[in-house]
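Subject: Structure handover

Hello,

Here is the structure you asked for, with the sequence. Notes on what was found in it follow below.

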Amino acid sequence: MTDKRPTLSLKPAPKTTGAPKRAPAPAVRPSYEVKPVLQSGYRPDLRDDSLALALSGAAHAVAQVRGGVTLPQALGVAFGVMDASPQARGAIQDIAYRAMRKLGRSESLIALMTSKAPEPPMLAGLLCSALALLDTRSGEDAAYEEFTVVDQAVTAAASHPDMAHARGMVNAVLRRFLRERAALVAEVVRQPVAEWNYPDWWIDAARAAYPRQWQQILAAGNEAPPLTLRVNRRKSSVADYLGLLADAGIGASQIGPAAVRLDQPLPVAQIPGFEGGVVSVQDAGAQVAAPLLDLADGMRVLDACAAPGGKTGHILELAEVSLVALDSDPKRLVRVRENLDRLGLQATLASGLAQQGDWWDGQQFDRILADVPCTASGIVRRHPDIRWLRRKGDTLQLATLSAKILDNLWQMLRPNGKLLFVTCSLWPQESEAQAAAFAVRHQAIRLDAPGQLLPGAAAGQDHDGLFYALFQKKAA
């Protein structure tokens, strides 16, 4: 029987004359008229240590993200499908994260070079993954030789029944990119989504909220994040731990009161003192939270929306308090327990919704940490898939939920107690506007706090984008 699927072909390079004009984003083009039954669970016959297998796994993950799955979940599925070893998992994850940070540009390049939208989704994911390795910025070291990427991408396509029909197209697209790189890039970066690698609405929101800083903010979100540790003051000091790292030949620097940034990221199993609870992995911006609570021994403290437990552990490292760690997902509380066990600390774990009170025993808290749900726009460098999964309307929806949470928790705070409102969003609707409205609703006393921390890597600091507002309840 003849395969009726049309062959995906290269689009000829356009002829341009005169000054270039800003081009609109390409319209969605039709895919194959006849679609085969896909074999998404197929494990290609590829060597575990090959780049072809890593590209296949990354393509699988990218395709899932484009279908609405978070990247960590997508990677978990891809690891299982590929039956990947720890080494292969590292390579798959690295390529997938690179692809997410360059997805806008890669998809624009594919649209420019092909006559039809690549299908199945895994084929588009393969092209995006390979282009992410080939399309390096000035001064960026290439992870692999260009000819190796092309060869292994073709091998990956040929080895999978869903993509074998397009192995010639994969070869042609990637080789054309290498031949015409400068002209192709110059063409696509006229589109904001390709220039910045964010959806148009995200770019517009950043420009509106931060007219002078939006470009630096977007650029920071496209950088790979550092690996930052929090030194457990119950077990060591920053000075002593830096000495321990130096003895191990690991470069690092202090970027906060308890924050140490490694010069080069390492697997946690290779980080001195991690298994013994001497240090935890936590962004320097997130380490601001616990000290702001002004803790003292004997206090009753609530960490709402606690998972995975980084701030929970930090609170318990700073003071002997009675702490309730609340989260809506019992499975995520397992991660909190694992982190506390590693640190040798204790807390009461509670499963429930922070906007409801059925989990509360009626005893008011001296301190409440409310790290509320948000669009997570401030931590996009750690979670580059967020930009492609969020929608413009999510901001209002999440801000409404967060307001309900804050209002509910406020009644659980004793008079003179303090509530710290934290969000990892950059959008004022979720941060400053939320804080201002909350203060008015409850006549809350607003205390000194950092406000909006913008993401960046300035001298002496390197942190994500978080917002902090601290409130005190009036005496009865």
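Is D83 exposed or buried? With a relative accessible area of 60%, D83 is exposed (exposed means over 50% relative accessible area, buried under 20%, and partly exposed in between, using a 1.4 Å probe and protein chains only).

Before the rest, some conventions. This is a predicted model, in which local features need pLDDT of at least 70 and side-chain atom pairs count only at pLDDT 80 or more, while totals for chains, interfaces and linings use all residues. Residues are numbered from 1 along each chain as its sequence is written, and side-chain values use heavy atoms, with hydrogens and water left out.

Backbone geometry

D83 sits in the loop between α2 (71-82) and α3 (86-101) (helices are DSSP runs of H or I with at least four residues, strands are runs of E with at least two, and both are numbered from the N terminus). D83 is not a glycine, yet its phi is positive, about 45 degrees. C305, in the loop between β5 and α13, also has a positive phi, near 55 degrees, and is a residue other than glycine. A cis peptide bond runs from A307 to P308, with omega near 5 degrees; P308 lies in the loop between β5 (300-304) and α13 (310-318). E119 and P120 are likewise joined by a cis peptide bond, with omega about 10 degrees, and P120 is in the loop between α4 (103-113) and α5 (121-134). For background, most residues other than glycine have a negative phi, and most peptide bonds are trans.

The annotated site

UniProt, in an unreviewed entry, places the feature "active site" at C424 (positions are in the numbering used here, feature names are shortened, and annotations may be inferred rather than shown by experiment). C424 is in the loop between β9 (413-423) and α17 (432-442). C424 counts as buried because its relative accessibility is 15%. Leaving aside neighbours within four places in sequence, its contacts (heavy atoms within 4.5 Å) include C374, S377 and G465.

T423 belongs to strand β9 and is buried, at 1% relative accessibility. The side chain of T423 reaches the backbone nitrogen of S425 at 3.4 Å.

Regards

Technical notes
Polar contact = N/O pair within 3.5 Å; in protein donor to acceptor, adjacent residues only side chain to side chain.
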